[in-house]
Amino acid sequence: MISLSDLRRYKAEGRKFSCLTCYDASMAKAMEIAEVDSILIGDSLGMSIQGRDSTLPVTVEDMAYHTAAVRRGNQHALIMTDLPFMSYATLNDALQSSKTVMQAGAQMVKMEGGAWLAETVQVLTRNGIPVCVHLGLTPQSVHVFGGYKLQARTREAADQLIADCKAVVEAGAAVLLLECVPAQLGQEITELFPHIPVIGIGAGAATDGQVLVVQDMLGLTFGHTAKFVRNFMKEQSGATAILDAFKAYHAAVLDGSFPAPEQTFQVEL
Ligand code: KIV
């Protein structure tokens, strides 16, 4: 089973790693066969599984249910689970929510935020819970942003995001996840922290790992598709098409061909 030390080793060796969201055992098994390195049980399940408008209604119990299903289906990938909206608003909430998803099978929790999470990160880490901090476009704050938009578009905003990363890394964050930021910023942050694996989604090709929502990369998202998505099903056919799409994604992340320039945001900072 892949561990946090493996992700750190991959970074030290310059080996990229793949990550996909997953919510059920059969997809998790296909990802195991395809050797996808890590799985995120994302609160995106609010939209992709539950059919809601945002991630806000998702509960800790939902996250634990899907984490347990994924763990039963996959013994290979590192499993990271989102703490949903308002489930880490206080230190006690964060401890209780993390306990629930870790006992369901997660190896790491993910929280959305910045420097203000430093104390929470420190307390969880001291309690043996590795934390990934998700920065940039953080969907739980969609009503603050007023939509799902590119973040950190100016040098000033990029420097603020870097300061947030430094604060959570100093507090003990094990992994950073950057969503929807200019490729240049993804590269700056990845290079700034030689011992912290950085995962990107719409953060350019330089991050150590890449993540996509599984429905997006299988072409099962109808309506608007984000710029950073590639449909890996397009090239596949036959009974093993889904498995082959996962294999193609894993290979494209590792050989650096995903994301290509058309899936990245090029903004000069
Ligand atoms: O919930 C989720 O799927 C996520 C990814 C978009 C990174 O947080």
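**Reading a ligand site and a cavity**

Modeller: The ligand sits in the largest pocket, where sitting requires more than half of its atoms within 2 Å of the pocket's grid points. This is a predicted model, in which local features need pLDDT of at least 70 and side-chain atom pairs count only at pLDDT 80 or more, while totals for chains, interfaces and linings use all residues. Residues are numbered from 1 along each chain as its sequence is written, and side-chain values use heavy atoms, with hydrogens and water left out.

Colleague: Which polar side-chain atoms lie by an oxygen atom of the ligand?

Modeller: A polar contact is a pair of N or O atoms within 3.5 Å. Serine 44 places a polar side-chain atom 2.5 Å from a ligand oxygen, and an N or O atom in the side chain of lysine 110 is 2.9 Å from a ligand oxygen. The protein covers 95% of the 260 Å² of accessible area that the ligand has on its own, by the Shrake-Rupley method with a 1.4 Å probe.

Colleague: How many cavities of 30 Å³ or more does a search of the whole structure find?

Modeller: Rolling a probe the size of a water molecule over the atoms shows where empty space is left. On a 1 Å grid over the protein atoms alone, a cavity is a set of points where a 1.4 Å probe fits but cannot get out, whereas a pocket is an open set with protein on both sides within 12 Å along at least five of seven lines. The search finds 1 cavity, and the largest cavity has a volume of about 40 Å³, the space filled by probe spheres set on the points.

Note on methods. Polar contact = N/O pair within 3.5 Å; in protein donor to acceptor, adjacent residues only side chain to side chain. 1 Å grid on protein atoms, 1.4 Å probe; cavity = no way out; pocket = protein on both sides within 12 Å on 5 of 7 lines; lining within 4 Å.
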